[in-house]
Structure formats: C-alpha cells, structure tokens
Amino acid sequence: MNNSQNHPQPDTDPKGSATMHSQTNTAPSKQAQLQLSGVSKRFGGLQAIDQVTIDLVPGIVTTLVGPNGAGKTTLFNTITGHIKPDSGTIVWQGKSIVGLPPWKIARLGIARTFQDLRLFTHMTVQENVLAAMETQSWLWQTGGKAVQKERAEKVAHTLEITGLADMARETANNLSYAERKFLSLARTLVSGADLWLLDEPASGLDPPSYDLFLKLLRDEVNRGITVCIIEHNLDIVVGISDKIAFLDQGRLIANGDPREVLENPELVAIYFGERKL
C-alpha cells in the first residue's frame with residue numbers, strides 16, 4: 001500500500017502477511033486498559049460492527065484502518081457511550097462502561113477527538129484549553145490562587161509545546177486548519193485522559209506540522225498513554241502505528257504488526273475495493 005503524502009516509513013518485509021482470524025482467539029492482554037469482547041451493533045439491516053474483540057494497551061498506538069463503512073467510527077461511538085452496543089462487553093480499567101453516558105465515560109479518563117474538531121470557535125485558544133480541563137478549571141472551585149496559577153501554567157506550557165502560545169488570545173475561528181488541529185490536540189493533552197481516541201488527527205498537516213504532531217504523540221505514548229487512531233492516509237498509518245486493526249464490513253479481520261497487515265495482498269485488495277474475502 002502506498003499514499004502520496006511523504007511521511008517517514010519503517011522498513012517493510014515483502015513476505016509479511018497478516019493473520020486472518022474469526023475472533024476465536026480472544027484472550028485479553030493482562031496489560032490492556034480497554035478490552036472489547038464480542039462487540040456488535042446493527043442499524044436496521046446494516047451490521048455496523050460484528051463481534052469485534054480488541055485490547056488497547058498503554059504505550060501502544062493502535063490504528064483502525066479499513067475501507068469506508070468498515071465500522072471504525074461506530075466502534076469509537078460504542079466506546080465513548082454515544083451508541084450502546086447490541087451485545088458484547090467494553091471494560092475500562094477492570095469495570096464495564098456499557099450503558100454509561102458519554103460525559104461519565106469522559107470523566108473516567110477517555111478522551112476523543114473528531115474529524116470536524118468541534119472546537120468552541122468563538123472562544124479564545126486559551127479558553128478552549130481551559131474548558132477541556134473541565135472540573136480542574138472552574139474559577140469557583142476550591143484551591144485559591146495557587147491552584148489557579150497551576151492551571152494557568154499548565155495551559156501556557158501546553159500552548160507552548162503545540163506552537164500556539166502566540167495565539168492564546170485569538171479566537172479559534174481565526175486559526176488555520178493546522179492550528180485548529182493542534183488546538184484539538186492541546187485540549188486532549190490537558191484533559192488528563194489515559195485513553196485517547198483520535199479521529200484522523202494528522203490528516204491535512206504539512207510535513208513540519210506532522211513531525212511536531214508525531215513528537216508530541218510519541219512523548220505521551222512513552223509516558224504510558226493508551227492511543228487508538230482512525231486514519232485513512234496510509235503513509236501516516238505506517239509512520240504512526242505500533243499495531244493495526246483492520247476492519248471490513250464491521251468485522252475485525254486482521255490485528256497485528258503494521259508491516260504484516262499492510263503487506264498482506266488480500267487486505268490490500270479489500271482496502272482498494274478489489275474484494276477477495
């Protein structure tokens with residue numbers, strides 16, 4: 001697989017092949033923070049996700065790939081509580097989160113970004129980041145000036161490392177596309193979440209911006225953050241992923257090393273619409 005955007009790629013093994021499976025080998029990793037087992041969701045006659053089992057592990061970037069309509073966004077929606085699965089379990093840090101509302105799941109330490117970013121466009125960059133701190137950021141909370149100073153310093157540091165310090169007082173709708181992407185990342189950084197669900201976070205970035213994004217992401221992953229990404233640009237997929245989960249028609253049909261998955265000819269055919277399975 002190849003894509004036109006130039007991003008770093010690891011060496012590939014032309015003989016590599018992805019393990020195709022039918023969801024029978026479902027033993028969860030002992031280190032997994034999030035465990036999905038047999039998760040399914042149907043909308044009328046459409047089976048959006050079908051018996052998906054996957055573990056998300058700290059310090060690992062797992063990327064969801066597959067053709068349009070494969071079920072990637074629906075899977076994110078079931079994790080975050082926007083959609084309740086018809087069957088299966090979703091366990092976060094040892095406790096089921098199925099049926100919880102999105103705001104409670106967010107409070108448990110699961111952060112999500114969207115393709116359309118969903119920023120507060122008429123608020124300043126600084127206010128957007130403060131708002132993402134939720135209960136940490138309200139002025140009437142206890143803690144006094146010391147806590148307020150700590151929050152302000154955290155926001156300032158986050159804006160500095162994301163390249164937004166000079167735009168702190170600009171409204172979000174005055175930012176460029178890349179700057180809005182970094183504002184979305186800044187909001188995730190200050191949220192304190194242990195799991196990041198990122199929907200095409202690097203798409204549309206120029207090479208220097210992509211390099212900065214990758215550095216910031218890797219710094220957090222090395223700290224132990226759990227990351228799951230939806231991405232369509234295969235150069236980004238190769239450059240960013242520790243593990244790839246390939247979805248097709250709602251089924252998880254491959255899950256493993258990026259080189260093995262992306263060099264599998266059957267998966268290549270599915271991805272580019274030349275179906276063999």
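Student: Which elements make the right-handed β-α-β unit?
Tutor: In this predicted model, the two strands to consider are S7 and S8, which pair in the parallel sense over five bridges. Within that pairing, Trp 196 stands opposite Val 227 in S8. Together with a helix, these strands make a right-handed β-α-β unit, and its elements are S7, H6 and S8.

Student: To which other strand do bridges join S8, and what is the bridge partner of Leu 64 there?
Tutor: Besides its pairing with S7, S8 is joined by four bridges to strand S3, residues 61-65, and the two run parallel. The partner in S8 of Leu 64 is Ile 230.

Student: What does Trp 196 touch, leaving out residues up to four places away in sequence?
Tutor: Trp 196 was named among the residues that touch the most other members of the largest core, and it also stands opposite Val 227 in S8. With residues up to four places away in sequence not counted, the residues that Trp 196 touches are Ala 111, Leu 185, Thr 188, Leu 189, Leu 217, Glu 220, Ile 225, Thr 226, Val 227 and Cys 228.

Student: Why is the aromatic pair of Phe 246 and Tyr 271 described as it is, and which parts does it tie together?
Tutor: The structure holds one aromatic pair. The ring centres of Phe 246 and Tyr 271 are 6.5 Å apart and the planes lie at 65°, so the pair is edge-to-face. Phe 246 is buried, and Tyr 271 is buried as well. Because Phe 246 lies in strand S9 and Tyr 271 in helix H9, the pair ties together parts that are 25 residues apart in sequence, namely S9 (residues 243-248) and H9 (residues 265-271).

Student: How many residues lie between S9 and S10 in their hairpin, and which residue in the turn has a positive phi?
Tutor: S9 is joined to strand S10, residues 251-256, by five bridges, and the two run antiparallel. Among the paired positions, Ile 244 has Gly 256 in S10 as its bridge partner. The strands form a hairpin with two residues between them, and the residue in the turn with a positive phi, of about 50°, is Gln 249.

Student: In what order do the four strands of the open sheet lie, and which are the edge strands?
Tutor: The order is S2-S1-S4-S5, with antiparallel pairing. Strand S4, residues 87-92, pairs with S5 over two bridges, and the partner of Trp 92 in S5 is Lys 95. The edge strands, each of which pairs on one side only, are S2 (46-56) and S5 (95-96).

Note on methods:
Residues numbered from 1 in each chain as written. Predicted model: local features only at pLDDT ≥ 70, side-chain atom pairs only at ≥ 80, totals over all residues. Heavy atoms only, no water. Core = buried A, V, L, I, M, F, W, Y, C linked by side-chain atoms within 4.5 Å. Buried < 20%, exposed > 50% of the residue type's maximum accessible area, 1.4 Å probe, protein only. Contact = heavy atoms within 4.5 Å. Pairing = 2+ DSSP bridges. Right-handed = clockwise from strand over helix to strand, strands pointing away. Phe/Tyr/Trp six-rings, centres within 6.5 Å; stacked < 30°, edge-to-face > 60°.
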